[in-house]
Amino acid sequence: MPRRTIVDDVPAPMLSTSATEIPRGAGWTYEPKWDGFRTIVVSEGASPLALWSREGRPLGRYFPELADLSVRPGERFVADGEILRVHPGKMDFDELQLRLHPAASRVRKLAAEIPATLILFDLLRTPDGTLLDEPLAERRRALDALAERLGLVRAPDELRSFPEGPGLLVAPWTRDDALADRWFADDAGIGQDGVVAKREDQPYLPGERGWVKIKHRRTVDCVVGGYRLSKAGDGVGSLLLGLYDPEGALHYVGHTSSFRAAERRELLAELEPLRTDESFAGGRTPGGPSRWSGGRDLEWVTIAPSRVCEVSVDRLQSGRFRHAATFQRWRPDREPRSCGFEQLDPGADRAARPGDR
């Protein structure tokens, strides 16, 4: 099977599946889970670095201070990493989202005022060739060698010790599950978004969910496929959430309604222009009878499936969230088509197959 790429021959990032417990035993290693924008970094031996999102969108124009980071002339590599906005003691995703601005003048201003940091945690290619088939242990040794040539340091394991951006660092990791526990428990430190567990003998699998992420809350990125109006009719009462199945159909999985009155009105103004007949066509729709609606058809508005939000949930039951989801944040860095059931469980998409609609 050909490997997935995001642009030209740049590999798609390897992904994670969610778990509630840290896996333990021989062969497991652990890293902090960074709360930022995933990026594949391509160096052609001179500035600027090419920064690609997980969907193949160029990020360098939004983060010029990172693209222009100096590397040793002639040093060619492809690496996996994360773009962060770090304050002393805090990773600030909200400020990071501000950086995705269309105006070049605003981008330059924000680059100076709230500079980002780039963390590298995997090495995928060197001038000698691809490392995708090498085990993680070998890729880490190669990354350490690259860091030594470039004069890079490993990121500290305390956020209060992070240098102010812009910066280029290498991620810490450990085989010690007790240290992983401490990282995870310290929600004011580098484990504030959880930890990622990786097998030391595993090759890099572009586009596949081969790692395990353990977050403080169970979250999923969902496509907004529609909305219901508030009782007063002057705002959004709830967002209707969907996930894609392997055949490309968007299935309704639940809703979120955790918004203040002013936010409901603002959301309605933002979403009304997106009204369309698309969205849940071909999949389960919000209008069907369920234990939530008591058999009643509730009026809803379909919008183009172009926006992604992160929500916290309890669990999936018969292809839907058992209870209402809690809105966490918008994810402008996510491509809607990449939001599938496999985020929750590699086999969870079976709940959305035609026989269970």
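This is a predicted model: local features need pLDDT of at least 70, side-chain atom pairs count only at pLDDT 80 or more; totals for chains, interfaces and linings use all residues.
Residues are numbered from 1 along each chain as its sequence is written, and side-chain values use heavy atoms, without hydrogens and water.

**Figure 1. Overview of the protein chain.** The protein chain contains six helices and 21 strands (DSSP runs, H or I of at least four residues and E of at least two, numbered from the N terminus). Its C-alpha trace spans about 65 × 50 × 40 Å along the principal axes.

Figure 2. Asp-193 lies in the loop between helix H5 (177-185) and strand S13 (195-199). Because its relative accessibility is 5%, Asp-193 counts as buried (under 20% relative accessible area; exposed is over 50%, partly exposed in between; 1.4 Å probe, protein chains only). Leaving aside residues up to four places away in sequence, Asp-193 touches Lys-33, Trp-34, Asp-35, Ile-214, Lys-215 and His-216 (heavy atoms within 4.5 Å). The side chains of Asp-193 and Lys-33 form a polar contact at 3.0 Å (N or O atoms within 3.5 Å, one able to donate a hydrogen and the other to accept it; residues adjacent in sequence count only if both atoms are side-chain atoms).

**Figure 3. The peptide bond between Gly-165 and Pro-166.** This bond is cis, with omega about 0°. Pro-166 is located in the loop between helix H4 (136-150) and strand S12 (167-170).

**Figure 4. Backbone at Asp-8.** Asp-8, a residue other than glycine, has a positive phi near 50°. Asp-8 occupies the loop between strand S1 (5-7) and strand S2 (10-11), and is exposed, with a relative accessible area of 68%.
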